[in-house]
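My notes follow in the order I took them.

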Amino acid sequence: QVQLVESGGGLVQPGGSLRLSCAASGSIFRIWTMGWHRQAPGNERELVATITSSGTTNYADSVKGRFTISRDNAKNTVYLQMNSLKSEDTAVYYCRERTYSGYVPKDYWGQGTQVTVSS
């Protein structure tokens with residue numbers, strides 16, 4: 001059974017930094033694309049960043065140049081380094097693992113970690 005556990009959220013002032021971690025278990029972590037999404041109150045969940053098994057990354061325009069996604073396959077962990085945080089980055093951040101059974105995708109989600117950017 002796949003489990004994803006996020007950590008690292010908290011309260012930070014504007015301009016500050018946080019690093020989120022997502023530890024995965026129960027899957028062949030190294031072969032799947034991992035992603036971070038976020039959801040602010042009243043908003044839909046949105047993509048923040050993804051990283052493929054080969055390390056190719058993709059970012060939402062709103063976080064380009066400020067956030068960095070990375071992975072450590074030896075530790076089955078994906079990270080999101082968030083710098084120059086803004087109040088609009090406040091949200092619950094979720095880790096996602098996209099797996100495939102043949103050509104059929106199946107997503108697994110973590111429970112989320114709250115990030116609050118406020119002075």
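**Entry 1**

I started by asking: which backbone nitrogen lies 3.0 Å from a polar atom of the side chain of Glu6? I found that it belongs to Gln111. The Glu6 side chain also reaches the backbone nitrogen of Gly112, at 2.9 Å. For polar contacts I used pairs of N or O atoms within 3.5 Å; within protein, one must be able to donate a hydrogen and the other to accept it, and residues adjacent in sequence count only if both atoms are side-chain atoms.

Before going on, I noted that this is a predicted model, where local features need pLDDT of at least 70, side-chain atom pairs count only at pLDDT 80 or more, and totals for chains, interfaces and linings use all residues. Residues are numbered from 1 along each chain as its sequence is written, and side-chain values use heavy atoms, with hydrogens and water left out.

Glu6 sits in strand E1, residues 3-7. My strands (E, at least two residues) and helices (H or I, at least four) are DSSP runs numbered from the N terminus. I then looked for a charge partner: Glu6 is buried but has no salt bridge, and the nearest side chain of opposite charge, Arg45, is 7.4 Å away. Buried here means under 20% relative accessible area, exposed means over 50%, and partly exposed is in between (1.4 Å probe, protein chains only). A salt bridge would need a side-chain nitrogen of Lys or Arg within 4 Å of a carboxyl oxygen of Asp or Glu. For charge, Lys and Arg count as positive and Asp and Glu as negative, while His and the chain ends are not counted.

I listed what Glu6 touches beyond four places in sequence, and among them are Cys22, Trp36, Tyr93, Cys95 and Thr113. Contact means heavy atoms within 4.5 Å.

**Entry 1: the whole chain**

I counted 11 strands and zero helices. How does 14 Å for the radius of gyration sit with the chain length? A compact globule of 119 residues would have a value near 14 Å, so the protein agrees with that. I took the radius over C-alpha atoms, and the globule rule is 2.2 Å times the number of residues to the power 0.38. The C-alpha atoms fill a box of roughly 45 × 25 × 25 Å along the principal axes.

I get 40% of the 119 residues as buried. Of the contacts between residues at least 6 apart in sequence, 54% join residues at least 24 apart.

**Entry 2: the core**

I looked up the largest nonpolar core and got 27 residues, with Trp36, Val78, Leu80, Met82 and Tyr93 having the most contacts inside it. Such a core is a set of buried Ala, Val, Leu, Ile, Met, Phe, Trp, Tyr and Cys residues joined through side-chain atoms within 4.5 Å. Strands that each supply at least two of its residues include E3, E4 (33-39), E8 (77-82) and E9 (91-101). E3 gives the largest share, four residues.

I checked Tyr93 too: beyond four places in sequence, its contacts include Glu6, Trp36, Val48, Phe67, Leu80 and Met82.

I found Ala23 in strand E3, residues 18-25. Why do I file Ala23 as partly exposed? Because its relative accessible area is 38%. Its contacts beyond four places in sequence are Gln3, Leu4, Val5, Asn76 and Thr77.

Asn76 is in the loop between E7 and E8, and at 26% relative accessibility it counts as partly exposed. I flagged its phi, near 50°, a positive value in a residue other than glycine. Most residues other than glycine have a negative phi.

**Entry 3: the E8-E9 loop**

I found another positive phi at Ser84, about 50°, and Ser84 is not a glycine. Ser84 is in the loop between E8 and E9 and is partly exposed at 42% relative accessible area.

Lys86 is in the loop between E8 and E9, partly exposed at 35%. I looked up its distance to Pro14: 72 residues apart in sequence, yet 5.1 Å apart in space, C-alpha to C-alpha. Beyond four places in sequence, Lys86 touches Arg66 and Val117.

**Entry 4: Thr99**

Last, I asked: is Thr99 buried or exposed? I have Thr99 as buried, because its relative accessibility is 8%. Thr99 is in strand E9, and beyond four places in sequence it is in contact with Trp32, Val104, Pro105, Lys106 and Tyr108.
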